[in-house]
Amino acid sequence: MPPETSPRTPAALPARRSRLTAALRPGNAGVVYAFVLIVAVLTLLSAQLGRPSYLSPTNIVNILDQSSLVAILAVFTTVVLISGNFDLSVASVSAFSAATVLSVVSTLGLPMAMAIALGAGLLCGAVNGLIVQRVGINAFIVTLGTMTAVRGLVLILTDGRTITAEDPDAQRALIALQAGYWTVPHILAVAGAVVLVVGAVLVLLARRSGGSPLRGGVAVAAGAVLIALSPILGFELRLSKPTYYLLVIVTITWAVLRYTVIGRRLYAVGSNAEAARLSGINVDRYKIGAFVLNGLGSGFVGVLFAAKLLAINPTGLQGTELTVLAAAILGGTSLFGGLGSVLKSVVGALILFTLDNGFNVLNLGANYQGLIVGTVVIVAAAIYTIAGRQRQVRRVRESQAKPVDTTSKPSESERQGALR
């Protein structure tokens, strides 16, 4: 590796700082800034109007619990969008899986009923992927059709009425899957310990690869600060089981997309499918796999929805697919593929449910909720679009302004040729 590009040299530090600065720009981290701003405004308004504290542990737990199912769907939808495709059928597939598990759980038991429901979701995702990739029909049209068709299957399975799990043992098994809370004592201490461990791992990896331990050192320092503040500001959180499911799913998905070959290839497929194919990547496998994973995730959400309500009707979860897409768009996921983050999509889902929760806490009417949420989505999409254009203009200008290296010495063969 040349000295000027080695991670050990001081010349590499400005590049790292520029990447960190780029990551903190509003075009990249705008959804996080928006989330913090919304929470701050709602907290101040609730205090000013004499309402209950907005940042109370109970309200935080409620927001996390309310947004967990949509956030899980947003994670898997983001994977499909990164691959360069589109899926409108997630809510219908979830409703179909919920109806399936409620129909058979009393006779087959929860494990077998879950397996069938998850298999139904996986099958729906495989059908979407095969039709899109093998037949070549636009993903929007295919998933719009499967959304309607699967909703029809829900209507057939429920016979147009609300169905429930009538067996008491089946009801208890479903309730145990979703209900209840697991207490996290001293949440700041736990978060600090996690950040500290992650920072230590980053430092170790940086030393082994010859990179700069700056990022890991910052994480270690931040973790130590959180642990130090936990006796003063720490409190307990009784997080619901779906919240833990969300944390596990988003952590695994983020790690795969960020640190594995599978994730890099998925981004490459979504960014430029033809270039990925020429480089030896099986494009169809990754695109179909994204649909299959999305169907499996939708099936799991359907099982959790059935466990939460112990019932499903033909209109269950109808319209949720738009909320899921709004969360992904708020997170900056591109509808054209190759760009997106599951962490930001989860933050986008939190923004939507934070707004809904804030309207309820402030006792605002529901008349303005749709207007405000829709405006937020449009503004977020506009910010990301403008930021993307500015990045393209900046890259073009940098490439045009790149100086030509006139100081390099000619090689021995070039000098001999010149003498001849």
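This is a predicted model: local features need pLDDT of at least 70, side-chain atom pairs count only at pLDDT 80 or more; totals for chains, interfaces and linings use all residues.
The chain holds 17 helices and four strands.

Student: Why are α4 and α6 called roughly parallel?
Tutor: Compare the angle with the cut-off. The axes of α4 (residues 90-108) and α6 (residues 139-158) cross at roughly 20°. Angles under 35 degrees count as roughly parallel. Therefore α4 and α6 are roughly parallel to each other.

Student: How do you know that α4 and α6 are in contact, and which residues meet?
Tutor: Contact means heavy atoms within 4.5 Å. On the α4 side are A91, S92, V93, A95, F96, A99, T100 and S103. They meet M147, V150, R151, L153, V154, L157 and T158 in α6. These contact residues divide into ten nonpolar, four polar and one charged. The helix axes come within 8 Å.

Student: What is the handedness of the crossing of α4 and α6?
Tutor: α4 passes α6 in a left-handed crossing.

Student: What puts the buried residues of α7 on the same side?
Tutor: Start with the residues. In α7 (residues 168-178), the buried ones are A170, L174, L177 and Q178. They cover an arc of only 80° around the axis, so they lie on the same side of α7.

Student: Which helices do the buried residues of α7 pack against?
Tutor: The partners are α3 (57-82), α4, α5 (110-135), α10 (241-259) and α13 (283-309).

Student: Why is L310 counted as buried?
Tutor: Buried means under 20% relative accessible area. L310 has 18% relative accessibility, so L310 counts as buried. This residue sits in the loop between α13 and β4 (311-312).

Student: Where is L317, and what is its phi?
Tutor: L317 lies in the loop between β4 and α14 (320-330). Its phi is near 65°, a positive value in a residue other than glycine.

Student: How do you know whether L317 is buried or exposed?
Tutor: Use the cut-off of under 20% for buried. The relative accessible area of L317 is 16%, so L317 is buried.

Student: What share of the chain is buried?
Tutor: Buried residues make up 43% of the 420 residues in the protein chain.

Definitions and conventions
Residues are numbered from 1 along each chain as its sequence is written. Side-chain values use heavy atoms; hydrogens and water are left out. Axes are lines fitted to C-alpha atoms, for helices over the stretch in contact, and angles run from 0 to 180 degrees between N-to-C directions. Helices (H or I, at least four residues) and strands (E, at least two) are DSSP runs, numbered from the N terminus. Angles under 35 degrees count as roughly parallel, over 145 as roughly antiparallel, 65 to 115 as roughly perpendicular and the rest as oblique. A crossing is left-handed if the near helix is turned anticlockwise from the far one by less than a right angle, and right-handed if clockwise. Ala, Val, Leu, Ile, Met, Phe, Trp, Tyr, Cys and Pro count as nonpolar, Asp, Glu, Lys and Arg as charged, and the others, Gly among them, as polar. Buried means under 20% relative accessible area, exposed over 50%, partly exposed in between (1.4 Å probe, protein chains only). The arc is that of the directions from the helix axis to the C-beta atoms.
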